[in-house]
Amino acid sequence: MLTDLHFAPTPLARRRLRHEGVPARKIAVTGNTIVDTLNTLLDRDSASRHDVDLNGRRLLVVTSHRRESWGRELESICHAIRELVARFPDLVVVYPVHLNPNVRETVHRVLHGVERVHLIRPLDYAAFVDLMRRAYLILTDSGGIQEEGPTLRKPLLVLRKVTERPEAFRAGLAKLVGTDHASIVAAVSRLLTDPIAYREMTADANPYGDGHAAERIVEALTRWLRGRRPLLPRAREFQPPSFVAS
């Protein structure tokens, strides 16, 4: 498939497209539309769409379902969660468990019945955004959540060894912790006990967008259809905050 236009979410994405041989004239840096979507949802009624009562406790939201984590690595993640709730009496864990039996068997075997660990069915997107909004921090192997966490200004610990979304890591808003039990416990414990470390992993500025990606895409399409170039003037493109190494 040949593509006429590329709407890159970040300057790093543009450089990767250029490395693949895409001409600069076909690329506009717009920011990620997921930031637009989240901002729209966050502006709506914030009433909770699930019934977990935090009662003043801190919420750790967990998602883990990637194929490479099935088996012993997922078991290691679950045992880390058990240790964390035992170590921190003010911690509540909510884990929307993927319906795949390879995930459900391990998660329920290790975590079912553990006090303050809520294993729930997968949520629709709006409900899950609401859950993340209430979180103190997020532990995940999801690619999309790596973009959503910084948008919600939540520290993000990623249960993977590598990531295809490095912008948040370069900005210090996310950290790769892998699936090792001790590494997960240490990283979460630090954020629960060190306010400075926690504050360093939150920021008002977002490396993935500023909520105006859709506007830029419409503007670029309009310019393209009218034969105007470049797709977007550089001054109109999304510019990540200065603390992001692009």
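**Entry 1: Ala-126**

I began with Ala-126 and found it in helix α5, which spans residues 125–134. This is a predicted model, so I keep that in mind for every entry. I then looked along the chain to Leu-42, 84 residues apart from Ala-126, and read a C-alpha separation of 9.3 Å.

**Entry 2: Arg-58**

Next I turned to Arg-58, which sits in strand β3. Where does its side chain reach? I traced it to the backbone oxygen of Leu-192, at 2.8 Å. Leu-192 is also on my list of residues that Arg-58 touches, along with Asp-90, Leu-91, Val-92 and Tyr-136, once residues up to four places away in sequence are not counted.

**Entry 3: the cores**

I then looked up the largest nonpolar core, which has 34 residues. Which members touch the most others? I wrote down Tyr-95, Leu-111, Leu-139 and Leu-157. Several elements each supply at least two residues of this core, among them β3 (58–63), β4 (91–96), α4 (101–111) and α8 (181–193). Helix α3 gives the most, with 7 residues. I also noted a second, separate core of 27 residues, including Val-35, Leu-59, Val-129 and Ala-174.

**Entry 4: Leu-157**

Last, I went back to Leu-157 and set aside its neighbours within four places in sequence. Its remaining contacts include Leu-137, Ile-138, Leu-139, Val-177, Ala-187, Leu-191 and Met-201. Thr-140 and Lys-175 are in contact with Leu-157 as well.

Definitions and conventions
Residues numbered from 1 in each chain as written. Predicted model: local features only at pLDDT ≥ 70, side-chain atom pairs only at ≥ 80, totals over all residues. Heavy atoms only, no water. Core = buried A, V, L, I, M, F, W, Y, C linked by side-chain atoms within 4.5 Å. Buried < 20%, exposed > 50% of the residue type's maximum accessible area, 1.4 Å probe, protein only. Helix = DSSP H or I, 4+ residues; strand = E, 2+ residues; numbered from the N terminus. Contact = heavy atoms within 4.5 Å. Polar contact = N/O pair within 3.5 Å; in protein donor to acceptor, adjacent residues only side chain to side chain.
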